[in-house]
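Could you walk me through the strands and the packing of this model? Happy to, with the sequence and the structure side by side.

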Amino acid sequence: MTADDEYWWIAALGDMLVWARLRVRDSGNAEVFDARGETLVYDDEDSARAALLDAEFRAFDGLDEDDAALLGFDLDSFAPPEAEDDEELLPLMTEKLARGHA
């Protein structure tokens with residue numbers, strides 16, 4: 001049995017970065033864990049990706065430095081959050097951006 005595939009998505013909302021975790025189950029169903037602590041279930045990966053794109057999320061593993069700059073952060077300074085479980089992960093799903101100083 002193979003492990004579920006996991007992908008991280010990111011969006012910039014004001015001065016915050018917001019993470020979403022997409023998991024594609026062996027069954028083909030997809031689950032998105034969001035920054036509100038909700039797990040949204042989709043029939044397939046394409047439906048989940050479309051929902052994330054509609055919510056203005058971008059696939060983190062597809063970003064380059066220019067994409068990150070447009071979102072307001074340095075790509076080398078951020079990485080998807082890590083935790084033992086979703087309860088510990090939840091407070092890490094948003095990060096405040098440091099904006100330029102005057």
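## Strand pairing and core packing

Strands E1 and E2 run antiparallel and are joined by 9 bridges. Before going further, note that this is a predicted model, in which local features need pLDDT of at least 70, side-chain atom pairs count only at pLDDT 80 or more, and totals for chains, interfaces and linings use all residues. Residues are numbered from 1 along each chain as its sequence is written, and side-chain values use heavy atoms, with hydrogens and water left out.

Strands (E, at least two residues) and helices (H or I, at least four) are DSSP runs numbered from the N terminus, and two strands pair if DSSP finds at least two bridges between them. E2 also pairs with E3 and with E6, as the table shows.

| Pair | Bridges | Direction |
|---|---|---|
| E1 and E2 | 9 bridges | antiparallel |
| E2 and E3 (residues 30-33) | 4 bridges | antiparallel |
| E2 and E6 (residues 94-96) | 3 bridges | antiparallel |

Met16, in turn, stands opposite Lys96 in E6.

How much of E2 is buried? The strand is mostly covered, with 7 of its 9 residues buried; buried means under 20% relative accessible area, exposed over 50%, and partly exposed in between, using a 1.4 Å probe and protein chains only.

Now to the packing. A nonpolar core is a set of buried Ala, Val, Leu, Ile, Met, Phe, Trp, Tyr and Cys residues joined through side-chain atoms within 4.5 Å. The largest one has 15 residues, and Ile10, Phe60, Leu63 and Phe73 have the most contacts inside it. Strand E1 (5-13), strand E2 (16-24) and helix H2 (65-71) each supply at least two residues of this core. Apart from it lies another core of 11 residues, among them Ala11, Val18, Val24 and Leu52.

Trp9 and Phe60 are 51 residues apart in sequence, yet their C-alpha atoms are 5.0 Å apart. Leaving aside neighbours within four places in sequence, the contacts of Trp9 (heavy atoms within 4.5 Å) include Trp19, Leu52, Arg58 and Phe60. With the sequence neighbours up to four places away again not counted, Phe60 touches residues including Trp8, Ile10, Phe73 and Pro80.
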